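Open the structure in your viewer and keep the selection tool at hand. Each stop below tells you what to select and what is there.

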Amino acid sequence: MKKKSKEPAPAAGLFGEITPPPAPAVKSGLLAFSYSKMSLYEECPLKYKFKYIDKIKEEPKFYFAFGSAIHAALEFLYSVRNPPFPTIEEVCEDFRREWNLKSYLEKGYRTQQRSDDDYQKGLLMLKAYYEHNRARFAPPFLVEYATDVEVDGLLVRTISDRIEHLGGGEITIIDYKTGKDVKREPAQLYMYQKITEMDPRLREKIAETYGTRVAAVKIRELLYYHVPTNKEYHFERAGDKEIGGFWERVLGVADSIRGLKFDPTPAERACSWCDYKSLCPAFFGGHPHNAAQPAAVPGENIEVLVDRYGRLKERMDELQAQLDQVADSIARAAKDGAEYAGSQYTARVKKQSKWEFKDRDAVIKILNQFDLYKDALTLTLTGITNVLESAGLQEEARKKLLEQAVKKTGLDIKVVKKEGLI
Ligand code: SF4
């Protein structure tokens, strides 16, 4: 299944003041819920609040981008009603298309090289998958099946990578995994068993696809398929006791969310992957701090502050690189003076031409040679540009300065958030 998803007083944060959250996302009084939301809440309730209630976006993660592209290629492979199945070349081409929809930064990679390496890894993985499974390719019952089921005041969303119908309403659910080959716990599959068997649409789908009506849908088997190694982890249908215990856990988490219990639960591993460290009162000085461990006083430990500064600077550089890349794309696509509206923001774009000089020393030499240094006043870009564009400049001096200059289009984008959006 794909990764798809008493309040404290307001506090100052990176993104401005953090106001107490509105009630958790609900539809007709229902709490929107999923296995991944539950896992995140269990990892750290405050992280859940930042992500799902404050709706602060996380940084893109390369491992999600990679998993998503592999899932998309397998969806393409199995989206077949009548054979033949796509060739491996077509599957790889679909993977390439998906991969190129985003830049390496948008996918969460630090360098183009790492993105290219993972692309090659993905191609090899798909080829090995194809070879390993081609003898048993058969049109599946459902691929990437998303459903929302209402139960106990929750609206639970599941997305099944693939469902096979074994006859008589019995099904197998297959969940692809693309990360490390770690010991698999069946908890996620309990969620799929509970929700899938309650889903009225599945019976209709069976009737539509196979022309037979079934009284009920029943899971016979749940399967984690580890794509990098082609290993399969089979789990038989869970008993009522397991499902009952699991469901109590679900309702406990849902009650805590409804009760707005969002205390942080800092832990070395969870915090190290958390994008909200700079907003989190429980994470300070590069380390998680629990209630029993008072947070360090700012400035107390210069080594820790240096590391924190370095990490923030690295993140700012990455964000700046992404901003520059998006601004370049806007510069290419936008008309001067035009206004554009996305779903959340509007932007007015102004373009102006400006000069940039490659070699500062060469420019100083030319200014001295033609006794223009004082005309540039101080050696600022504006001063040199004024000299270059002045009507009385000797042609030879202009020619030499132009050899050092590149004309660029400057961009001024004024972005305004649309009213009514939070
Ligand atoms: S930094 Fe740690 S404690 Fe703070 S929100 Fe993230 S995971 Fe939770």
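Predicted model: local features only at pLDDT ≥ 70, side-chain atom pairs only at ≥ 80, totals over all residues.

**Stop 1**

**Stop 2: the largest nonpolar core**

Next, select Phe33, Met191, Phe246 and Trp247. The largest nonpolar core has 41 residues, and these four touch the most other members. Which helix gives the most to this core? Helix α9, residues 240-258, does, with seven residues. In soluble globular proteins, nonpolar side chains tend to be buried together.

Stay with Trp247 and show its contacts, leaving aside neighbours within four places in sequence. Trp247 is in contact with Val151, Asp152, Leu154 and Val156, and also with Met191, Lys194 and Ile195. Now move to a second, separate core, which has 27 residues. Ile88, Cys92, Met125 and Leu223 are among them.

**Stop 3: helices α12 and α13**

Select residues 360-369, which form helix α12. Its buried residues are Ala362, Val363, Ile364, Ile366 and Leu367. What covers them? The cover includes strand β13 (345-357) and the helices α13 (381-389) and α14 (395-404). After α12 comes Asp371, which has a positive phi, near 55°.

Then select α13. Here Gly383, Ile384, Thr385, Val387 and Leu388 are buried. These buried residues pack against β13, α12 and α14.

**Stop 4: glutamate 75**

Last, select Glu75, which is in helix α3, residues 62-78. Why is Glu75 called partly exposed? The reason is its relative accessible area of 29%, since partly exposed covers values between the under 20% of a buried residue and the over 50% of an exposed one.

Show the contacts of Glu75, not counting residues up to four places away in sequence: Glu75 touches Val143 and Glu144. Finally, draw a distance from the C-alpha atom of Glu75 to that of Asp94. The two residues are 19 residues apart along the chain, and their C-alpha atoms are separated by 9.9 Å.

Note on methods:
Residues numbered from 1 in each chain as written. Heavy atoms only, no water. Core = buried A, V, L, I, M, F, W, Y, C linked by side-chain atoms within 4.5 Å. Buried < 20%, exposed > 50% of the residue type's maximum accessible area, 1.4 Å probe, protein only. Helix = DSSP H or I, 4+ residues; strand = E, 2+ residues; numbered from the N terminus. Contact = heavy atoms within 4.5 Å.
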